[in-house]
Amino acid sequence: LFSYASESNYSLCINPASFVNPEHLEYFRFVGRFIAMAMFHGKFIDSGFTLPFYKRMLGKKISLQDIETVDFQYYNSLKFMKENDITDCDMGLFFEATYEILGEEKTVDLKPNGSKIEVTEENKEEYIDLMVDWRFSRGVQDQTQAFINGFSDIVN
């Protein structure tokens, strides 16, 4: 259901490949209830979730700075792009993201026709915002919602 945020960060995040278990959404709802009950009873749960996951639970916007707590190298790449003029860099980036899941490489557009829209100095802020949002929601929207529903079952 969950995986570590990175090789050096043992905070938990939702595993995008959890869908291999057909009952995974029920498990996420159960875990949400379990976490809510632990909080209700004042119990500490070691090895918590990533900051971006908590922000998602609270309906808060995830920022570039939040990536630093999960993936420092990825954060530095996006920060470099944000802080520097990329006009002459010829980065060859488009509004798309490529990722690997269960050994299969997939590409997804970050916005309609993103694979045809090159990242430029003028649109790099939008690219960074979309990439940050995608990094923490890629394939885990249903799981996150099931977790939140379970949590809300107890809290509300």
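The side chains of Lys111 and Glu126 meet at 3.0 Å, N to O, in a salt bridge (a side-chain nitrogen of Lys or Arg within 4 Å of a carboxyl oxygen of Asp or Glu). This pair links distant parts of the chain, with Lys111 in the loop between strand 4 (104-109) and helix 5 and Glu126 in helix 5, 15 residues apart. The model is predicted, so local features need pLDDT of at least 70 and side-chain atom pairs count only at pLDDT 80 or more, while totals for chains, interfaces and linings use all residues. Residues are numbered from 1 along each chain as its sequence is written, and side-chain values use heavy atoms, leaving out hydrogens and water.

In the whole structure, 9 salt bridges are found. One of them joins the side chains of Asp153 and Arg29 (2.9 Å, N to O); because Asp153 lies in helix 6 and Arg29 in helix 1, the pair ties together parts that are 124 residues apart in sequence. Salt bridges that share partners join Arg29, Arg33 and Asp153 into one network.

Helices (H or I, at least four residues) and strands (E, at least two) are DSSP runs, numbered from the N terminus. Within helix 6, the buried residues (under 20% relative accessible area, with a 1.4 Å probe and protein chains only) include Phe147, Ile148 and Phe151, and the buried residues of this helix pack against strand 2 (12-14), helix 1 (24-40) and helix 2 (51-57), where contact means heavy atoms within 4.5 Å.

Note on methods. Buried < 20%, exposed > 50% of the residue type's maximum accessible area, 1.4 Å probe, protein only.
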